[in-house]
Amino acid sequence: MSGQQASHDELPFAARKTEDMPGHWLLARLGKLVLRPGGRELTEQLLDDAELSDADVLEIAPGLGKTARSIIDRNPKTYVGVESDSAAAGLTEDVVGDRGRVIPGDAAATGLDADSVVVAIGEAMLTMQSDRAKADIVAEAFRVLRPGGRYAIHELALHPDTLPDEAKTEIRKQLARSIKVNARPLTEQEWRKLLTDAGFEIAKVGFAKMALLQPRRVLADEGPLRTLKFVATCCATRTHAAASSACAPRSPSIGTNSRPSRSLP
Ligand SMILES: C[S@@+](CC[C@H](N)C(=O)[O-])C[C@H]1O[C@@H](n2cnc3c(N)ncnc32)[C@H](O)[C@@H]1O
C-alpha cells in the first residue's frame with residue numbers, strides 16, 4: 001500500500017458479491033482494515049512481547065499488511081510473510097517494500113529452511129482452519145523457528161474452558177453462516193494443547209474483548225478518519241447488517257508462545 005489506501009480492485013475477493021464474501025474481506029471492502037479480534041492494542045502488546053528488534057521475523061498470513069507495518073517499525077533484522085491470497089500478498093509486499101519479502105503460499109508448507117527465523121507471528125488465521133490444518137501450521141512454525149524462538153498468535157477463544165460441545169458446534173455453525181468461513185475457535189485450554197502438542201512452551205496468555213465492530217474499538221483500530229469513512233461506506237452500501245453479523249462471536253484470545261531449546265528434554 002506504501003502509505004496509500006488500497007483501492008477496492010486491489011483487495012482480495014474484489015470480484016465476489018457482497019453476500020458471498022468471507023466476513024473479513026467484506027469488512028475490508030467496507031474500510032475496516034484491522035481484522036484481528038482483540039484489536040490493534042492487543043496486537044501492539046503481542047509484538048512488544050515477541051521482541052522483534054534485530055530478529056529474523058516470519059509473519060504468517062499477513063493479509064492486508066497492517067501488522068506488517070508495525071513489525072517493520074520495530075526494526076527486525078529480516079521480514080518474510082507467507083500469505084495464501086495473492087492479492088493480499090501483493091498488498092503486504094507494497095507495505096514492506098525493500099525491508100522484506102512476501103511468499104505467496106500455504107502457511108503449512110512455507111518452503112523456508114528449518115531453524116531460519118527467531119519470531120513467527122500469526123493473527124486471525126489459525127481460527128479459520130480445520131483441526132488438522134491448525135496442527136500442520138503450528139508444526140510448520142515450530143520447524144522454521146530456531147531453538148528458543150518465539151511464536152506469537154492472536155486468535156479467537158471460546159470461554160469458558162468447560163463450554164459444552166453442543167455450544168461449540170452451534171457457535172461454529174453460526175460463524176459459518178454469518179462470516180462465510182468455517183471458523184473453529186478453541187477454548188484457552190485447547191489453544192494451549194495445540195501449541196504444547198507441537199513442542200512449544202507457553203510463555204504468556206492475554207485476553208481482550210471481542211469488540212471488532214464496537215464504536216470505541218473501531219475508533220481505536222482505524223483512527224477518526226477511517227472510522228468516518230467506514231461508517232459512511234456502511235450506510236452507503238446498506239451492508240451494515242451483514243457486517244454486524246460478522247462480529248457475532250465473542251471471547252478473543254491472544255497467546256505468546258515461546259519454544260524451548262531443542263536440547264531440553
Ligand atoms: C482474517 S485475515 C487476517 C489477516 C492478518 N493476519 C490480520 O490480522 O489483519 C486471514 C488471512 O489468512 C490468510 N490465510 C488463510 N489461510 C492461510 C494459509 N493456510 N496459509 C497462508 N495464509 C492463509 C488469508 O488469505 C487472510 O489473508
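User: pLDDT is the predictor's confidence in each residue, from 0 to 100. With that in mind for this predicted model, how many contacts beyond four places in sequence does the model have for residues 1-8?

Analyst: Happy to start there. The protein chain averages a pLDDT of 84, and 86% of the residues score at least 70. Over residues 1-8, though, pLDDT stays under 50. The number of contacts beyond four places in sequence that the model has for residues 1-8 is twelve.

User: And how many such contacts beyond four places in sequence does the model have for residues 239-265?

Analyst: Here too, pLDDT stays under 50. For residues 239-265, the count of contacts beyond four places in sequence is 91.

User: Is strand S1 largely enclosed or open?

Analyst: Let's take its two faces in turn. Asp-56, Leu-58 and Ile-60 point one way from S1, Val-57 and Glu-59 point the other way, and all are buried. That makes five of the five residues in 56-60 buried, so by the rest of the structure S1 is largely enclosed.

User: Which residue in S2 stands opposite Ile-60?

Analyst: S1 pairs with strand S2 (residues 78-83) in the parallel sense, over five bridges. Within this pairing, Asp-56 has Thr-78 as its bridge partner. The residue in S2 opposite Ile-60 is Val-82.

User: What do the buried residues of H3 pack against?

Analyst: The buried residues of H3 are Lys-66, Thr-67, Ala-68 and Ile-71. Their packing partners are helix H2 (39-50), S1, S2, H4 and S4.

User: Which residue in S4 stands opposite Glu-59?

Analyst: S1 also has a parallel pairing with strand S4 (residues 117-123), over four bridges. In S4, the residue standing opposite Glu-59 is Ile-121.

User: Which residue in S3 is the bridge partner of Gly-81?

Analyst: Five of the six residues of S2 are buried. Four bridges join S2 in parallel to strand S3 (residues 101-104), and Gly-81 has its bridge partner there, namely Val-102.

User: Through which helix does the chain cross from S2 to S3?

Analyst: S2 and S3 run parallel. The β-α-β crossover from S2 to S3 is right-handed, and its helix, spanning residues 86-96, is H4.

User: Finally, how many residues of the shell around the ligand are nonpolar, how many polar and how many charged?

Analyst: The ligand is surrounded by 21 residues, with Ala-61, Gly-63, Ser-84, Asp-85 and Ala-107 the closest. H3 and S2 each supply at least two residues of this shell. By type, the shell divides into eleven nonpolar, four polar and six charged.

Conventions. Residues are numbered from 1 along each chain as its sequence is written. This is a predicted model: local features need pLDDT of at least 70, side-chain atom pairs count only at pLDDT 80 or more; totals for chains, interfaces and linings use all residues. A residue is buried if 20 or more other C-beta atoms lie within 10 Å of its own, exposed if 12 or fewer, and partly exposed in between; C-beta atoms are placed from the backbone. Two strands pair if DSSP finds at least two bridges between them. A residue is near a molecule or strand if its C-beta atom, placed from the backbone, lies within 6 Å of it. Ala, Val, Leu, Ile, Met, Phe, Trp, Tyr, Cys and Pro count as nonpolar, Asp, Glu, Lys and Arg as charged, and the others, Gly among them, as polar. A crossover is right-handed if, with the strands pointing away from the viewer, the path from the first strand over the helix to the second runs clockwise. Two residues are in contact if their C-beta atoms, placed from the backbone, lie within 7 Å.
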